[in-house]
Every structure is written in structure tokens, then in C-alpha cells.
Amino acid sequence: MVELTIDGLSVSVEDGATILDACERAQIETPTLCFLESLTPVNACRVCVVELEGSRVLVPACARRAEQGMKIQTDTPRVRHSRKMVLEFLASSVDLSTAPDAQRYCERYGADPRRYGTEAETVAQPVKIDNALYVRDYSKCILCYKCVEACGADAQNTFAIAVAGRGFNAHISTEYDVPLPDSACVYCGNCIGACPTGALMFSSEHELRERGEWNEAAQTQTDTICSYCGVGCTLTLHVQENSIVKVMSPVENGTTNGHLCVKGRFGYQYVQNRPADDVSSD
Amino acid sequence: MDLHFTSARPTPEERAAVDEAAGDANGARTRRHLVLPVLHAVQDRIGWVSGGALNYVGERLGVAPADVYGVATFYASLSTTPRDARVVHVCDDIACMNAGEAELRAALETSGATVLRSPCLGLCDRAPAALVETAGATPSATAIAPATPALLSDTLTPTSIGGSDLRLLKRAGRIDPESLDAYRAHGGYLALQKAFELGPKGVIAEIVASNLLGRGGAAFPTGRKMEAVAGQSAQPHYLICNADESEPGTFKDRVLMEHDPFAIVEAMTIAAYAIGCEHAFVYVRGEYPLAAHRLENAIARARAAGLLGDDVMRRGMRLEIEVRRGAGAYICGEETALFNSIEGKRGEPRNKPPFPVESGVFGKPTQINNVETLANLPPILLEGGAAYACIGTPNSTGTRLFCLSGAIARPGVYEVAHGTTLRALIDLAGGARNGSAIAAILLGGAAGGFVTPDAMAMPLTFEDARAAGATLGSGVVMLFDERADMHAILRRIAEFFREESCGQCVPCRVGTVRQAEALERKEYSLLDDIGRVMRDASICGLGQTAANAIESARKNLPIW
């Protein structure tokens, strides 16, 4: 065990735990965007930074291991300034309309993206619709790297996408930006499961949103077990008006860690094959 | 044949040039067929053929000096009267005479160059044409067409190398950088010899005693880094020479690599010996082809001479040095980004900890040092760490290379002991260009900061720079006179960081864009907020310093 102090509270966590784990133990809510329990931390978004005594710069809570005797502050003016600025930078360059967590943090830290004016450069671009299963709207991409990790060595090992370009032009891409059907993509949808901003979205959700019919309040979520093979993955079916609109898996599930395959993720149509007219066989 | 010679004797250099070209007579009494190649060799090495050289040519080839003279005076390219080592042949033949060659010659003569009129150079399609010939240990001939005074001045003005205390630069520009023999004749490989006598621990002890601090910008104690790597149980240990010199205004490492590449190879061999490394890398900026070529040549010659490879100096030490070339990315000068680049990945920095001494390239303990830092190792071993520590000040030991450019009389690399004042350094380079008034001085590069002439009395040390809120950084001293548009300079610096951000973390990826936009729109009030988050929350030094120059200009320059 290691003992450290966070905001004056003494906290002890297991060896190898992160500052973020320790914050959770101390019930201090820490904003995160690029962090996901099931993926290697890339600490790229920097919204979780905290002040560590003796460190010249702020440190990312999600990736930095807790060490014996660390003294950490999570709510100093420096921390609040950095978190606010990161959120302003994102909100002024990316469409966060389908990113509820980011919106909540913006409110909490008083981020005001309008300060940068209407001419501020953004990542706005057309939605990529090149297959029947999911869409990619990189206007909403905060470049958290999670989809790349989920597609790569952290889960799927398919390596269909990577970060391409550099600086503000860095973006998620297949090779030469070829459409997904020409890429290595196997449509596991694990990138969608990891995406924190809705940049990657089931086509079913995208179409309902386009028609103004997406209604989360009216949806139910039902856990079930995938019927395809013997692994027994837990599926969470999101259902609106008696139709499955999205299939996820709980990230804390020990079998899936939130990841599925193409069958569990997208192969649900047979459940709702309903004849157009009710044909009775008398 | 009984030959008669005057008393004129060749200089050692002339003798060497003749011997190399004439080779062994193998019993032949006369070798007249070699007269022209040997005269060429003298001309290329010295720039003209003296009486002494001519006699020696005759002697070695068994040809009467009058005959040699007859040949030498027949050819226009050979000179029997003293001539500068560098001459510019300007074509004044019929194509060029109608393309402005007279104006070109006049401009060149005004600038003090030695200009010779030449018949057609065969570059008529690109008239006016010029051919710059430079005699020396590595002679060169460069055709330039169409030639302009500006284009020619690039070729005619070599880097100034100067200073008050030449240690790192003592061979630069004075010996043939491609010759191992020349290097050894000027003290080369004595330090490695000494290292073998001291043993790895002894080498590190000398470097610790020297109190050498890293010259890449972070000023970390080199000896402590070596101790940490040497003590790691994980194997293998790697050594990397960081030659990705990309900080705007910096060219000292290029000069070291181009002019004294064997010194870098020897220094790396010493460091590798001390930390127990058998495979080292030198990561050279992609834009430095000559430096990479010279290093590759030095490594090949050292290997052929048993100074690298399976049994270095027959001491049972193994070492291979691999040259890796960058491909246009400032960020790869950041050590962890450089590791990723060597590993074939995007040059994105890693989060620290873990630190390179524990987990560097390929996840192994890695010693990584800037070129200039490594270049200090041979002098430290030769004079002893304690003696080295007496140079400079107690906290900033040794000499330092500074890159002077901008509105300075003699731009170049200057080596001075730490503690020399900024004014003394600038005076060494001839002061401000044309006596103009200096408005601002950029210290330490784009990641450094601006000071005004008020800072002229500042001693150039790590501690004095820090106390003045400045940094020596990578040794940049760039002068701007009153005509410089400082706002345009600042916008360009902001643009530089925007272009060079790797894009990994939000504070830097978006912050560098917002900083450039705020400068462009003159919304200066935003700059402080943007600068703070970049400095506090960026992953690496690029983002953390991307606002430095602009913030220092906001504070120090009277332009707002």
C-alpha cells in the first residue's frame, strides 16, 4: 500500500494505483475524457491534471502512479485554470453537442469557448458515412486516442485506424483515408464503445438524431447474454420504441471489458424481424 | 637523369599533397605521365603551385623542374603565383556577357572576393555562370548558375568559428574532417585511451567531478545521468547522441558534426564504455545531410581502424554506432519523442516518469545527450574533471558554444567560458552589424526569450540567466536591430510552434493555434491564459515553452 495526501486528506491505495484511483478512493470527482478503465492511459486530454508538490508542472491523475508521501492538490487556481482552458480549447475547436460529460465539465469549470471569436479554427468537416453500421463524425473528435487503442493492441488487434497528420491537423484515419469497407475494419464497434464524444456512432442512432427522433429519456437499457457463441458476452440493449438502437457492453464486465465482436454489436436484426403484416396461420 | 633544383623547398602540406598523389615509384626512374594529376593535387590542396612544391613534384616524378614549370604554366586552372584558397571564376564569355556577368563581377569584387574571369563554363543555359573553387584538405568546386551576388555569398562566406577559449572547436575548420589520421594527429583518441586506463567507474567519477551540465537546454548533470544508467540491472543499455538540432537559431551541433565528426564518435565511445552500452545511436536532423555524411564517414573509418566494432582498441569492448536520420520534426529533439522515432513510431513524447535512465528507447535504460554535451567528454578526461570544473563558474563549468546570428557583424559559432558577459560575446563577433542599434536579443531559441540591450552585462551562466528570467537554452544569441518588425517575428515564432506541435495533448495542440490566432488578431489579453495552460499542462517541453518567447517579449520589449 502507498499513502498519500490529497487536498489534505490522507488516502491509501494499492501499489500500482494511480492518482486518479486515489482521488476516487477519497471521493474527489476528477474530470476525465481520454481515460477508460479498459485501455492504457494516454493522458492526452490533460483535463485530469492535478498539482503535485515538488513538480514544476501539473501531472495527469489518470496515468501518474501514486507514490508514498505524495502531496496532491486537485482544486487550486492552477488546476482549475488548466482544466478550464483545456475544456475551452476543446469546446472552441470541436463539436461537443453529443458529449454530455464534456458539457458537464465545461459548466463546472466555467469554460467560455466564445472568447476565441468566430474565426477560431475548428476541426469541422463532413460526416463520413461509408458503411451501413456506423458513422464517423470527426467534427466531434477530441483526439483522445481511445478508438485507436480499442482497435489496436488494447482490445481488437485489428489496427484499421491510427492517428495521422501532426499538430492541429492530427486526425484519426485509415491509410490514405480509404473508406472503412476497404480498410482492415472488422466492424467490432469497439471504437464506438470507447468514444467519449459521439464522434463514432451507430448508424441507427445517427439516423434517428438526423430526423430529430432520438429520445434518450424514452429508451430502456436491458442487459442480456449474446446468443451467438460460447463466450457469453454481456450485451446492453438500448431500445427505443421497441427497436434496438444501440448495443453496448458494460466496461466493468469481466468477460468483455466493454468490448464485443461484430455479431454481438451489430447482429441483432433477427431479434426484431417482424413481418410487415401479421400473417396468422390458422 | 641528373636533375638540378633551386633551393626552394616544399611545405609539409605541399609535400603531403604531392606524396599522396604521386604514390610509390616502384623503381620507375621517371613518371612524367603523373605530372598533371600531381600538380592538380597541389593546386587543390594549397590553391597555387609554389617553387618549392614544383621542385618536389619534379623530384618525386623524376622530371626536370623547367619541364614541370612548362606544364604548370600551360594550364589556366593551375596558378604559379600566390592565390587565395578560394577563388570565384566568373564566366565572361559570349552567353554570360549578355546576362549581367560584369555587374556580377563588380559586386563580387566589392565584397572582397577573389574573382577570375573565365572562358565559357558550359552553363550557358543558366547564364551568368560562376564556379567557386576552394582549396584545402577537402577541396571543393561548386558551379552556381544563374549566379547572383547573394547566391555566391552563401558559398563564399563560411561559418565563422571563433571564441576566447577554444576547446570543443579547437579542430573545427582547421583539420580535414574526413580524415582519421588528421584527427589522431591533433589529439584524437587520446581521451579514449585515458578512459580505458580509468575504467568505467573512473570515467564517470571524472565527469561527475567536472560538474558538466547538459547543453541541450535542460541543464541536467551529465555525470549523474551516467551513474544512473550504469547502475541499472536491466540490459541492454543504450546510448543516444541527440543531434536533432532544430531549435530556431541553433547551429552549433551542426558545426561540430560537420567539422569534427570524429570527436563525436570518440565521445560516444567513451560514454558507451562508461555505461556499458554496445549499441549506440546518433539521431541526426534530416535537414543536416552533410553532418550525417561526415558522421557516417567517421564511423566507417573508426570501425576500419578498430576503434569501433567487436574489439575496440583491443580492449574487448564492443560498440556499434548507428546513424538515424530525422525526417523533419522539431519535436523529435525531445528525448522521449526521439525514442519513439527510433522505434518506428510517430514522434510523440511520452509521459515522464518513467525517465529515460530507467526506461528509454525500446523500454531499456538509455543515456541520451546533446552533441555538445558529449563533445565535452574527451576534454574532461584529458585534463581531469577537477581541472575542467575550474573553467567557468562553480555552478556553470566549462565552455559553451553560442550561435550568433541576425544583426551581428560576424555571424557564427563562438566558444567562450561560462561567465563571459553577453556584451563580451557579442564583441567577439564584431558587435552589431554596421554599427546599428540593437533593439532585442533572442536568447536560447524560440523556446527561450527576448532580452533588451540592458541585459548586456549579464554573465552567460545557467544561474545568471535563470536569475534574469532568461535561459541559455541551446546557445542561441540572435540580434535584432531597430529595423526588425518584432511583431512579425513573434507571429513567426507562434506559427513555428503551431506547425511543430505533435498534436498529442490538448494544451499544446489547440493552445499553439489559439496563441497564433490571438497574436494575429492582436487580442493580447488572451495570451497570458493560453501561455499558462501550455506551460502547466502540456506533456512535454515543446508545449511547456511554446509561450516563452512571446511572454518575454510582452514583458521586456517596448513594442506594445
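Two strands are said to pair if DSSP finds at least two bridges between them. Helices (H or I, at least four residues) and strands (E, at least two) are themselves DSSP runs, numbered from the N terminus. Keep in mind that this is a predicted model, in which local features need pLDDT of at least 70, side-chain atom pairs count only at pLDDT 80 or more, and totals for chains, interfaces and linings use all residues. Residues are numbered from 1 along each chain as its sequence is written, while chains are lettered from A and ligands numbered from 1 in the order in which they are written.

Let's begin in chain B. Strand 7 (residues 277–284) of chain B runs parallel to strand 9 (residues 317–325) of chain B, and six bridges join them. One spot to look at is Val284(B), whose bridge partner in strand 9 of chain B is Arg325(B). Strand 9 of chain B also pairs with strand 8 (residues 309–312) of chain B, in the antiparallel sense and over two bridges. Here Gly309(B) has Leu319(B) as its bridge partner. Strands 8 and 9 of chain B make a hairpin with four residues between the strands, and in that hairpin Met313(B) takes a positive phi near 50°.

Now for a pair of helices. The axes of helix 9 (residues 190–210) and helix 10 (residues 222–230) of chain B come within 7 Å and cross at roughly 150°. (Axes are lines fitted to C-alpha atoms, for helices over the stretch in contact, and angles run from 0 to 180 degrees between N-to-C directions.) Helix 9 of chain B and helix 10 of chain B are therefore roughly antiparallel to each other, a label for angles over 145 degrees. On the helix 9 side of chain B, the contact is made by Pro200(B), Ile204(B), Ile207(B) and Val208(B); residues count as in contact if their C-beta atoms, placed from the backbone, lie within 7 Å.

Over in chain A, five strands form an open sheet in the order 2-1-5-3-4, with mixed pairing. Its edge strands, each pairing on one side only, are strand 2 (9–13) and strand 4 (59–60) of chain A. Strand 3 (residues 49–52) and strand 5 (residues 71–73) of chain A pair in the antiparallel sense over two bridges, and Leu52(A) stands opposite Ile72(A) in strand 5 of chain A. Helix 2 of chain A lies across these two strands, running at about 160° to strand 3 of chain A.

Finally, the two chains meet: 27 residues of chain A are in contact with 25 residues of chain B. Helix 2 (residues 77–93) of chain A gives the most to chain A's side, with eight residues.

Note on methods: Angles under 35 degrees count as roughly parallel, over 145 as roughly antiparallel, 65 to 115 as roughly perpendicular and the rest as oblique.
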